[in-house]
Amino acid sequence: MTLSSSPGAIDPAIFQKLLDITLSLSAERHLPRLYEQIIIAAQDFTHADGGTLYILEGQGTEQRLRFEVMRTLSLDIHSGGTSGQEISLRPIPLWLEDGQANHQNVCAHVWHRGTPVNIPDAYEVKDFDFSGTRAFDRAMNYRTTSLLTLPLQNHAGDIIGILQLVNARDPGTVLVQAFNPALEPLALALASSAAVTLDKQQLLQGHKDLLDAFIRTIAQAIDAKSAHTSAHCQRVPVLTELIAQAACRAQDGPLKDFALDEEDWYELRVAAWLHDCGKLATPDSLLDKSTKLHALSDRIETIQARYAALIAQETLAASDRTDDGFQARIDQWRKDCDFLARVNIGGEFMRPEDQQRVRDIALQTWTDHTGATQPLLSTEEADMLCIARGTLNNEERLRINQHIDVTLQMLEVMPFPKTLARVPEYAGGHHEKIDGTGFPRGLTGEQMSWPARMMAIADIFEALTARDRPYKPPMPLSQALSILRDMRDRRHIDADLYALFLDARVWETYAREHLLPAQLDVQDPAVYY
């Protein structure tokens, strides 16, 4: 490249261009795109062949300038930003090993001084170390000549980055020239505007990161309250996103127009992570109820003690222990005791005949230490042992279900911005049913958004297949899909989303990552349609 003479006066149209660029930058919300637009705008504004954006990172003497975007038009180099090409160059340290400010590197020097540096020819300058630049030139058959290095200073006066432009080119001849000194104030104004916009976006991103961390902390706290729901709040978002991704790919049917932009995805994720936040108010005794008779301890041990006493009493009272009637009674009591221990564990369904057997056992008696005759099972114990599904009776289940009311109360008082306004509706709808028999509001499918309906399926499927529930063994996929199919038939879950769940093999994608190999017993989902 050849160095031409200095350019002439500034075209008045460049002021309008500066205004247009500033407005464009202020409208950008995505940080990688903003980084890239700063470089593109600065190169266009100054007719620079190359440009690099550095962002400040680290604290104290560990502060350094990280390469964020690099572009060189003549070499077709584009890395960092939205390019997908990672920059492997090491950050520039702002402090030397002895703790002194680094003025050897021009970018570090500009950061410390806070003023731009305009260099007509890098090879003629002795004040800075350009050995790295020369090594780049040799490797790329390039010639770095003019450099304009600008500080990105925010409204608080802090320098949050450095913008370096390389090789100004004459618009007419494309010959390399020095950067026009008259452009420096305008270029500095552009850098300042970019810094303020960048600072604002970094602040917003910091707030978003803080919110994300807070949300995940809440979810982890809920899961940590009990082994009963361990990791549930962390897996439901994964499953919800898998369903939403499949919906976005749908080419026909009711979901063919379903789409989520970046803000919609974030809103869905926040709702999924917070869907059970009301469980913070649920008593631990209910969340930890791993058996039907569990309270402060598992009361099955008390019942087993009664049987031990009954058998001991019968043994002492028996005149002939070889009598068939004596041995039959002992064997039956032991079988009944083992039976009660089994049904105490709970499960997905308790047969009516097993419930009747519990009622029959409750009619039997034993003699306590005072000589008084007592029932083998109290009315409460019998009722508890006859719970048909899980380990909770109706009253306890109602108290558990109240978590969704608390969830809505918590979320509806939070000052969510406009972009997160639907979080309460999404999170608060995961226990609603398509036929309107769900809770807390009894909404029908038509009254529920697609994301809320997706979250309902995710919540159910995770609970069915969870491998860390203390009251049941891990459920195989075949059984979980059968239950979902029945819920579809009873109009408890959305039929179109259930079909998508099968067609897109969402169940399989999730299972490979989060279930045990023994649970993966489905190859062809055709029988579950």
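**Close-up 1. The largest nonpolar core has 58 residues.** Within this core, Phe461, Leu481 and Phe501 touch the most other members. A nonpolar core here is a set of buried Ala, Val, Leu, Ile, Met, Phe, Trp, Tyr and Cys residues joined through side-chain atoms within 4.5 Å. Buried means under 20% relative accessible area, exposed means over 50%, and partly exposed is in between (1.4 Å probe, protein chains only). At least two residues each come from H5, helix H6 (232-249), H7, helix H15 (423-428), helix H16 (450-465), helix H17 (477-489), helix H18 (495-503) and helix H19 (506-514). Helices (H or I, at least four residues) and strands (E, at least two) are DSSP runs, numbered from the N terminus. A second, separate core of 27 residues has Ile55, Leu150, Leu152 and Ile160 among its members.

A quick word on the model: it is predicted, so local features need pLDDT of at least 70 and side-chain atom pairs count only at pLDDT 80 or more, while totals for chains, interfaces and linings use all residues. Residues are numbered from 1 along each chain as its sequence is written, and side-chain values use heavy atoms, with hydrogens and water left out.

**Close-up 2. Leu481 and the residues it touches.** Setting aside residues up to four places away in sequence, Leu481 touches Phe461, Tyr498, Phe501, Leu502, Trp507, Val522 and Tyr528. Contact means heavy atoms within 4.5 Å.

**Close-up 3. Helix H5 meets helix H7.** The axes of H5 (residues 184-225) and H7 (residues 262-273) come within 9 Å and cross at roughly 30°. Axes are lines fitted to C-alpha atoms, for helices over the stretch in contact, and angles run from 0 to 180 degrees between N-to-C directions. H5 and H7 are therefore roughly parallel to each other; angles under 35 degrees get that label, those over 145 count as roughly antiparallel, 65 to 115 as roughly perpendicular and the rest as oblique. On the H5 side you'll find Lys208, Leu211, Asp212, Ile215, Arg216 and Ala219, which meet Tyr266, Val270 and Trp273 in H7. This contact divides into 6 nonpolar, no polar and 3 charged residues.

**Close-up 4. Asp459, a buried residue in helix H16.** Asp459 has a relative accessible area of 8%. A polar contact of 2.9 Å joins its side chain to that of His232. A polar contact is a pair of N or O atoms within 3.5 Å; within protein, one must be able to donate a hydrogen and the other to accept it, and residues adjacent in sequence count only if both atoms are side-chain atoms. Leaving aside neighbours within four places in sequence, Asp459 is in contact with His232, Val236, His275, Asp276, His430 and His431.

**Close-up 5. Helix H3 (residues 106-113) is mostly covered.** Of its 8 residues, 6 are buried: Val106, Cys107, Ala108, His109, Val110 and Trp111. The cover over them includes strand S1 (48-57), strand S2 (64-72), strand S4 (92-93), strand S5 (117-119), strand S6 (147-153) and strand S7 (159-169). At the start of H3, a side-chain oxygen of Asn105 reaches to within 2.8 Å of the backbone nitrogen of Cys107. After H3 comes Gly114, with a positive phi near 75°.

**Close-up 6. Gln164 sits in strand S7.** Gln164 counts as buried, at 9% relative accessibility. Its side chain makes a polar contact with the side chain of Thr149 (3.0 Å). Not counting residues up to four places away in sequence, Gln164 touches residues including Val106 and Cys107.

Close-up 7. Most residues other than glycine have a negative phi, and most peptide bonds are trans.

Key:
Ala, Val, Leu, Ile, Met, Phe, Trp, Tyr, Cys and Pro count as nonpolar, Asp, Glu, Lys and Arg as charged, and the others, Gly among them, as polar.
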